[in-house]
Amino acid sequence: MTADDALLRIDGLRVFHGKFEALPGVDMQVGAGEVVSIIGANGAGKSSLLKAIVGQVDRIEGEIAFGGSSLAGRATPAIVAGGIALVPEGRRLFPSLSVEENLSMGAEVGRKGEIGLDEVFGMFPILRERRRQRARELSGGQQQMIAVGRALMANPRLLLCDEISLGLAPTIVNDIYRILPQVRDRGIGIVVVEQDIGRSLKVADRFYCMLEGKFSLTGRPEETDRATVMKHYFGL
Ligand SMILES: Nc1ncnc2c1ncn2[C@@H]1O[C@H](COP(=O)(O)OP(=O)(O)OP(=O)(O)O)[C@@H](O)[C@H]1O
Ligand SMILES: [Mg+2]
């Protein structure tokens, strides 16, 4: 992939929360049908990056281009309608609404496309069984499936996942990660933010390691080794 055919291209991005500068300048690209992992410790700036892409931070400098057009000045609803969906850290479901109602929210804010309830239920069969239950009655893992499903219902061209494995049992994390190759095969670009280095590198075509707001290492998982990644993860 060259910078010219990137689905998402970020150049010199600086992200501010009030006066605090969380990211002092990052460059990255994501291609269509590519899985890109971002790994980094607590507070590295991973969520700040994803939030900046969907227009949910106080202020940015630098350039974020999606499908060749700048996202500068666009509000979150326009960005989502344009084809970027975020699975936010902490899921942010509507606990008293049903599974199906939560999923349908994604369709309302997103693009028209081939992914609907049937496709999401195909990926996560347990959600079909529980479709009429309130979201809060489901397990944490099942709630995470709703959050991923809701984002997919927006028919994104780019899917951003913020710590979808956090606090969940490994088997249910497997059930969630299992769908990512299917999503990628639809030509959707995927960014996976994780603290779990092993899982993250396993699914990734390329990765970026973030340390204190900057990328300390980038490449293909098969071109590096664990010791090198750990060094750049912790800044040792
Ligand atoms: N709304 C905010 N106001 C002020 N500072 C913030 C805000 N959000 C994040 N920060 C700060 O920005 C830095 C990066 O935070 P961010 O949440 O992006 O990190 P992260 O890599 O996602 O961490 P975690 O793994 O804990 O989710 C941290 O120092 C954090 O305290
Ligand atoms: Mg975070």
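Mentor: Methionine 153 has its place in helix H6; helices (H or I, at least four residues) and strands (E, at least two) are DSSP runs numbered from the N terminus. This is a predicted model, in which local features need pLDDT of at least 70 and side-chain atom pairs count only at pLDDT 80 or more, while totals for chains, interfaces and linings use all residues. Residues are numbered from 1 along each chain as its sequence is written, and chains are lettered from A and ligands numbered from 1 in the order in which they are written.

Trainee: Is methionine 153 buried or exposed?

Mentor: Count the C-beta atoms, placed from the backbone: 20 or more others within 10 Å of a residue's own make it buried, 12 or fewer exposed, and in between partly exposed. Methionine 153 has 24 within 10 Å, so this residue is buried.

Trainee: Which residues does methionine 153 contact, leaving aside its neighbours within four places in sequence?

Mentor: Contact requires C-beta atoms, placed from the backbone, within 7 Å. Isoleucine 115 is 38 residues away in sequence, yet its C-alpha is 5.8 Å from that of methionine 153. Leaving aside neighbours within four places, the contacts are Leu103, Ser104, Gly106, Ala107, Gly110, Ile115, Gly116 and Val120.

Trainee: At what angle do H3 and H6 pack?

Mentor: Two packed helices are described by the angle between their axes and the distance between the axes. Here the axes are lines fitted to C-alpha atoms over the stretch in contact, and angles run from 0 to 180 degrees between N-to-C directions. For helix H3 (residues 99-109) and helix H6 (residues 140-153), the axes are 6 Å apart and the angle is about 35 degrees.

Trainee: Which strands are the edges of the open four-stranded sheet?

Mentor: Two strands pair if DSSP finds at least two bridges between them. The order is E2-E1-E4-E5, with antiparallel pairing. Strand E4 (residues 59-66) is joined to E5 by two bridges, and phenylalanine 66 has serine 69 in E5 as its bridge partner. Pairing on one side only marks the edge strands, E2 and E5 (69-70).

Trainee: Which helix gives the most to the shell around ligand 1?

Mentor: A residue counts as near if its C-beta atom, placed from the backbone, lies within 6 Å. The shell has 14 residues, the closest being His17, Ala22, Lys46, Ser47 and Ser48. Strand E2 (20-30) and helix H1 (46-53) each supply at least two. With three residues, the one that gives the most is H1.

Conventions: Two residues are in contact if their C-beta atoms, placed from the backbone, lie within 7 Å.
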